[in-house]
Structure formats: C-alpha cells, structure tokens
Amino acid sequence: MRYKYYGYGALLLTLITGCSEVTLQVPVYAVEKETLVHSVNAEGELFAVNSVSISAPKSVQGPRFIAALAKEYAEVQAGDVVVTFDSSQLLKAKIKANTGLGTVVADEQQKRAEQQNEQKAIGLDQTLIGYEFSFADRFSVDDVQIRSKLEILDSMQNKEYLGDKRDYLGWQEQSFTQRSSGELELLQLQLGQQQSLLQQAETGLAELEIRSPHKGILLFETNWRGEKPEVGGMVFPGSRIGSIPDLSLQHVKLQVIEQEAIGFAAGQQVNFALTAWPDDMLTGEIVSVAAVAQSRDRRDPRKYIEVIVAPTQQDRRFMPGNKIRAHILVDKIDDIFMIPLQAIFSEQKQLYAYKLNGTSFVKQPITIGKKSLSHAQISEGLKAGDRIALINPEQ
C-alpha cells in the first residue's frame, strides 16, 4: 500500500496539579483538499492461460512410482517422453494375475468334470430305479391263493420304497442342478476378477510413458507441501504431475491479504514488474477477483484473495512461474477533504473527530466516503483549515 505523507503540528496543553506542571503534546492534522489514492502492493507469479495437463493414468489402481523425468523448463517436441513410471509392481501384478487366472481355469475344468460324473451317477441310479419299479409293478401278484399275505405286503412295501427312492433321486437331480450352477457362477466371477486384474496390469504396462502432445515448455506441479515430482516419488491415479503451457498467452496471478483486498474490481489498473527486472514496469488490468479468501501456508494465519491480471502486452521474457511484484491502483479521487483513519472515532454508531476549537478539542460529527488503507474521504463535518487531533485528547 502507498501511504500519503501528511504534516501535523503539536498543541501544548498545560495541566496544573498541586505544585507541579505536566505538559501534554497532542499531534494535530490540518484539513485541506488533497488527492485520495487507494493502492495496494502484492506479489504473485505468471501462469499460462491455456495449458495441457500431465496426470498419472487412471487405468491402474493404487500408487505408481516415477522412474524417470524430463528436465523442467526444457523445450519438448510432440511425442517426446516426459515421464516414465516404474514397471516392477505392474510386472508382479501381471504374473500374479496370470497365475490366479490359470488356477481358476483349472478349478473350473475340475469342477465341470466332477459335475459330469455326479450327473452320470444320478442318471444311472434313476435308470436302475426305473427298471426295478417297472419290474416290481409288472410282476406284482396280490392273489392270496397264489402268494401268502406276508409276501404280498413285502411286495407292496418294496414298490413304495422304489417310488420314494425315485422321488429322492428327482430331488437330488434338481438340487444338483442348482448347486452346480452356483458353483460355476462363482468360478466365473473369480475368472472375471483375474481377467480384470490382468487387463489392468497390461494396460498399466502399456502406459509406462507419458509423451508430450505438442511442442512447449515442461513445467512440474507442486503439491500441498510445495514439493515437485522427483524420481522415486509416488503419485496416485489421476494426480497432476505437471503441464505443458501455451506460452503465447500468459496472465498474472496475485495473492492479496484479505484485509487489503477492499474495493477490488475487474478493469482496475495494475502496474507490475518481473522480479528479475524490477526497474522495467509493465501494465495490465484486473480480469477477476476470487470471492473467497484462502490460506496460502499452514504457518501463515492470514488469508489471501486471488486476483488475476491480464497484461496489456505479452513480453518475450514471460515464463510461467516467474515471480511478479505488482502495484494495484484501486481508487483515485482528486480535490477532496480527507483525514487519516487514526483520527476517526466512533460512539453509538456515530463517527466523529476531535476538532480544535481555540485551546480545547470538541467532538465533531463527520460523514465519510471513500477510504484507502490509511485515509478516508470526509463528505460532511469538516472544512478547509480545520485542525483535528490524531489521538484521543481525552485520554
């Protein structure tokens, strides 16, 4: 923020207490028409408006490890390898999936053979029971003159037993059909699971390299700890590793302390300079102001508003990530009365200043308009030549 210099005098007040004299100095400010300038200093960096993101493939579950990285800020051509992932974990996963797949296929073949044998055995039992039941029914004699009653009862019990056994074999066949179907479905699920794991491993092995889609400059992304990707580092599926920006259009991203970002709006003028060339001032204007303040560092309790600035012209020295120091002109009003904020007091929602009247101060109600971080416009209550106290004289 740019503070405006103002002069002040001092009023000597003499207080007599007993036999001693106490001299108190009250600094005063002379009201006159001046220019109110509300400006804020901020820091930030350049970024490319259009950029192709480089992210870890989402085809593989679990983390991946970086085996090789191209140099940051290096110029890459279309098709150049920028990131290579380690293949050892995927090779192990492929071998394990192949082994599991072979085991499931063998289990399925064995289960089908067992089911066929069990089905044949049930079928033979049903055929045999059919023959026995037909024979018992055909040669059944219930004449007491030919066979004794005991023989007849024994024959009837044998037919009843064969009928019950035939019903049991029918139930067993139905139960076998349901059970065998469930066993085969379970094996099919296991087979599909192993095939999916194998496909994931093969897809991951086919995506061990990330290539540049077009010509550009390679930039790596920092994580929440401020660290950039490195060889041996772990990344999760879909996490952003870096980007290849379009250098033809770059904007400035500024971080402004929340308490200072008052009155910011699109279209306001910004003067800025690259940190490497501090004396070469460039111009731009605000294109957007974030609605919510966010923390920038866990160790910094302050919150910051993000402000995006579009430079008036693109510069050949622009490079994403280059640090910027900017001066934002929020407001400028000429020929107004204004006083420092420290000279404004309030009581019961009424603003006032201590106006010098002769050799004493009186409370003067005031109305303020625009404000900067150090001064406020006086709309009503004071005029040119009035002198006000910069501190509370009653204290």
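# Cores, strands and salt bridges

Student: Which residues is Ile324 in contact with, leaving aside its neighbours within four places in sequence?

Tutor: Ile324 is in contact with Ala42, Glu43, Gly44, Glu45, Leu46, Val252, Leu254, Phe272, Ala273, Leu274 and Thr275. Contact here means heavy atoms within 4.5 Å. Please note that this is a predicted model, in which local features need pLDDT of at least 70 and side-chain atom pairs count only at pLDDT 80 or more, while totals for chains, interfaces and linings use all residues. Residues are numbered from 1 along each chain as its sequence is written, and side-chain values use heavy atoms, with hydrogens and water left out.

Student: OK, and how many residues are in the largest nonpolar core?

Tutor: The largest nonpolar core has 21 residues, and Leu254, Val307, Ile324 and Ile328 have the most contacts inside it. A nonpolar core is a set of buried Ala, Val, Leu, Ile, Met, Phe, Trp, Tyr and Cys residues joined through side-chain atoms within 4.5 Å. Buried means under 20% relative accessible area, exposed over 50%, and partly exposed in between, with a 1.4 Å probe and protein chains only.

Student: Which elements give two or more residues to this core?

Tutor: They are β3 (33-48), β13 (250-257), β14 (269-274), β15 (282-289), β17 (303-311) and β18 (323-340). The largest share, 4 residues, comes from β18. There is also a second, separate core of 17 residues, which includes Val60, Val82, Leu218 and Phe220.

Student: You mentioned β13. Is His251 in that strand buried or exposed?

Tutor: His251, which lies in β13, is buried, with a relative accessible area of 16%. Not counting residues up to four places away in sequence, His251 touches Glu45, Leu46, Phe47, Val49, Ile308, Val309, Ala310 and Pro311.

Student: How many helices and strands does the protein chain have?

Tutor: The chain has 2 helices and 24 strands. Helices (H or I, at least four residues) and strands (E, at least two) are DSSP runs, numbered from the N terminus. Of the 395 residues, 32% count as buried.

Student: Let us look at the strands. How do β19 and β20 pair?

Tutor: Strand β19 (residues 345-347) and strand β20 (residues 350-357) pair in the antiparallel sense over 3 bridges. Two strands pair if DSSP finds at least two bridges between them. Phe345 stands opposite Tyr352 in β20. The two strands form a hairpin with 2 residues between them, and Gln348 in the turn has a positive phi of about 55°.

Student: What about β20 and β21: how many bridges join them?

Tutor: There, 6 bridges join β20 to strand β21 (residues 360-365), and the strands run antiparallel. The bridge partner of Ala353 in β21 is Gln364. This hairpin has 2 residues between the strands, and Gly358 takes a positive phi near 75°.

Student: Which strands form the open sheet of 3 strands?

Tutor: The order is β4-β12-β10, with antiparallel pairing. β4 (51-55) and β10 (219-220) stand at the edges, each with a single partner strand, so one side of each is left without a neighbour in the sheet. β10 and strand β12 (residues 240-245) pair over 2 bridges, and Leu219 stands opposite Ser243 in β12.

Student: New topic: how many salt bridges are found in the whole structure?

Tutor: The search finds 11 salt bridges. A salt bridge is a side-chain nitrogen of Lys or Arg within 4 Å of a carboxyl oxygen of Asp or Glu. Arg317 forms one with Asp280, the closest N and O atoms being 2.6 Å apart. Arg317 lies in the loop between β17 and β18 and Asp280 in the loop between β14 and β15, so the pair ties together parts that are 37 residues apart in sequence. Arg317 is buried, with a relative accessible area of 16%, whereas Asp280 is partly exposed at 31%.

Student: And what does Asp331 form a salt bridge with?

Tutor: Its partner is Lys370, with the closest N and O atoms 3.7 Å apart. This pair links distant parts of the chain, Asp331 being in strand β18 and Lys370 in strand β22 (residues 367-371), 39 residues apart. Asp331 counts as partly exposed at 24% relative accessibility, and Lys370 counts as partly exposed at 45%.
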